[in-house]
Amino acid sequence: MEAEAALKQANKAEKVAAKPVKARAGSATGGGRAMGMRKIKAAKITNIRACFAYFQADPAVSELLTRLATAAVRSGEITQDTAVIAGIDIIETEGV
């Protein structure tokens, strides 16, 4: 009888193990909304010239280049002699 009971219990355990498991990501604290996996897209530049040609009309590109050029002028990396090569004019103003 014990063997039959053990066999029945083993069959039940086998059925439970065969059921598909549904995995869900939930909140670690038990409150709030559940979170799930999602795909995150990002870009990696492989051809910087082509990328620049695509975005060159974007005002953000002009702002970024202006910040970079200003930093290079202030650090001395770009001087009056090399400003033409960099495609910029150095503007000096006086301030307090």
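Biologist: Which helix gives the largest share of the lining of the largest pocket?
Modeller: Helix H3, residues 59-75, with eight residues. Helices here are DSSP runs of H or I, at least four residues, and strands are runs of E, at least two, numbered from the N terminus. Bear in mind that this is a predicted model: local features need pLDDT of at least 70, side-chain atom pairs count only at pLDDT 80 or more, and totals for chains, interfaces and linings use all residues. Residues are numbered from 1 along each chain as its sequence is written, and side-chain values use heavy atoms, with hydrogens and water left out.

Biologist: Which residues lie nearest the centre of that pocket?
Modeller: Thr 66, Ala 69, Thr 70, Val 73 and Ile 88, out of 16 lining residues.

Biologist: And by class, what's in the lining?
Modeller: There are 10 nonpolar, four polar and two charged residues.

Biologist: How much space lies in it?
Modeller: About 370 Å³.

Biologist: OK, new topic. Where is Asp 89 found?
Modeller: In the segment after helix H4, which covers 83-86. The C-alpha atoms of Asp 89 and Val 73 are separated by 9.9 Å, with the two residues 16 apart along the chain.

Biologist: Is Asp 89 buried or exposed?
Modeller: Asp 89 counts as exposed, because its relative accessibility is 70%. The cut-offs are under 20% relative accessible area for buried, over 50% for exposed and partly exposed in between, with a 1.4 Å probe and protein chains only.

Biologist: What share of the protein chain counts as buried?
Modeller: 5% of its 96 residues. The accessible surface comes to about 9900 Å², and 58% of that belongs to carbon and sulfur atoms.

Biologist: Which residues make the nonpolar surface patch?
Modeller: Phe 52, Leu 64, Leu 65 and Leu 68 make a patch of about 360 Å². H3 gives the largest share of it, three residues, and Leu 68 has its place in that helix.

How values were computed: Accessible areas come from the Shrake-Rupley method with a 1.4 Å probe; for residues, only the protein chains shown count as cover. On a 1 Å grid over the protein atoms alone, a cavity is a set of points where a 1.4 Å probe fits but cannot get out, and a pocket is an open set with protein on both sides within 12 Å along at least five of seven lines; lining residues have an atom within 4 Å of a point. Grid points are joined across faces, edges and corners, and a volume is the space filled by probe spheres set on the points. Ala, Val, Leu, Ile, Met, Phe, Trp, Tyr, Cys and Pro count as nonpolar, Asp, Glu, Lys and Arg as charged, and the others, Gly among them, as polar. Patches are made of residues with over 30% relative accessible area and no salt bridge: like charges are joined within 9 Å, nonpolar side chains (Val, Leu, Ile, Met, Phe, Trp, Tyr) within 5 Å. A salt bridge is a side-chain nitrogen of Lys or Arg within 4 Å of a carboxyl oxygen of Asp or Glu.
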